[in-house]
Amino acid sequence: MRSKIFKPILMVAIGTVVLAACQSPSIKDKIENDDIVSFRSDDEAMNTAIAKAKNSLDQFVQALKKPEKGYENFALKLAYATPDNSLEHIWIGDINYLNDQYTGVVFNAPVSTKEVALGDTVVIDKQKVSDWMYLDKGILRGGYTIRAMRDQLSGPEKEEFDKTIDFIIED
């Protein structure tokens, strides 16, 4: 069963980011039309977000291994290869640790990659992680790529976006 966080993320097309395509129309238009949000592979903000997620992955692992009261909706975003040699980033939820490895369930329907399908159970390859997130009493922890996309919205667009999600993003 998918947690409450993934419905809004999918609804606003934040669940999947394809790195390679050009950025037009605007992110706002793509979100409103429930389209995939695409970024060029050299997008500085998105690459910085991915680097932050990779560098802080231990925070996610600690919270997952020893969750405090109010921690929920743990998810990882993994990068999968596409036929055109770009990457499609897909959220994996229902994270479990068993036999010295993490597994999870594909929570987004892939658009281009043939490596996974919606609902597949996958083994987590830490090298493929491009983001992580969980809620801490309704506040987003991690979610660096979500923040990078949100930061590109205007003030009124951010306000509208924030109304569509079931969690708080602290600036």
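Modeller: A contact means that heavy atoms lie within 4.5 Å. In this predicted model, if we take the contacts in the protein chain between residues at least 6 apart in sequence, 51% of them join residues at least 24 apart.

Biologist: How many helices and strands are there in the protein chain, and in what order do the elements run from the N terminus on?

Modeller: The protein chain has 6 helices and 8 strands, and from the N terminus on their order is α-β-α-β-α-α-β-β-β-β-β-β-α-α. Of the 171 residues of the protein chain, 49% count as buried.

Biologist: Why is D136 called buried?

Modeller: Buried means under 20% relative accessible area, and D136 has a value of 12%, so D136 is buried. This residue lies in strand β7, which covers residues 129-136.

Biologist: Which residues is D136 in contact with, leaving aside its neighbours within four places in sequence?

Modeller: With those neighbours left aside, D136 is in contact with G70, Y71 and R141. D136 and E72 are 64 residues apart in sequence, yet their C-alpha atoms are 6.8 Å apart in space.

Biologist: What makes N73 count as buried, whereas D94 counts as partly exposed?

Modeller: The relative accessibility of N73 is 12%, so N73 counts as buried, because the limit is under 20%. For D94 the value is 35%, and D94 therefore counts as partly exposed, because exposed would need over 50% and buried under 20%. N73 is found in strand β3 and has a phi near 60 degrees, a positive value in a residue other than glycine. D94, in strand β4, is not a glycine and has a positive phi of about 50 degrees.

Biologist: Why are α5 and α6 called oblique to each other?

Modeller: Helix α5 (residues 144-151) and helix α6 (residues 155-164) pack at an angle of about 140 degrees, with their axes 10 Å apart. Roughly antiparallel would need an angle over 145 degrees, and roughly perpendicular runs from 65 to 115, so α5 and α6 are oblique to each other. In this packing, I146, R150 and D151 in α5 meet K158, F161 and D162 in α6, and by class the contact has 2 nonpolar, no polar and 4 charged residues.

Biologist: How do you know that α5 is mostly covered?

Modeller: In α5, 7 of its 8 residues are buried, namely Y144, T145, I146, R147, A148, M149 and R150.

Biologist: Which residues touch the most other members of the largest nonpolar core?

Modeller: The largest nonpolar core has 29 residues, and of these F60, L76, I92, I95, I124 and W132 touch the most other members. At least two residues of this core come from each of α3 (44-55), α4 (57-65), β3 (71-81), β4 (87-98), β5 (101-106), β7 and α5. Not counting residues up to four places away in sequence, I95 touches F60, L64, F74, A75, L76, Y102, T103, G104 and I124. A second, separate core has 11 residues, including A75, L140, L153 and I165. In soluble globular proteins, nonpolar side chains tend to be buried together.

Conventions
Residues numbered from 1 in each chain as written. Predicted model: local features only at pLDDT ≥ 70, side-chain atom pairs only at ≥ 80, totals over all residues. Heavy atoms only, no water. Helix = DSSP H or I, 4+ residues; strand = E, 2+ residues; numbered from the N terminus. Buried < 20%, exposed > 50% of the residue type's maximum accessible area, 1.4 Å probe, protein only. Axes fitted to C-alpha atoms, helices over the stretch in contact; angles between N-to-C directions. Parallel < 35°, antiparallel > 145°, perpendicular 65-115°, else oblique. Nonpolar A, V, L, I, M, F, W, Y, C, P; charged D, E, K, R; others polar. Core = buried A, V, L, I, M, F, W, Y, C linked by side-chain atoms within 4.5 Å.
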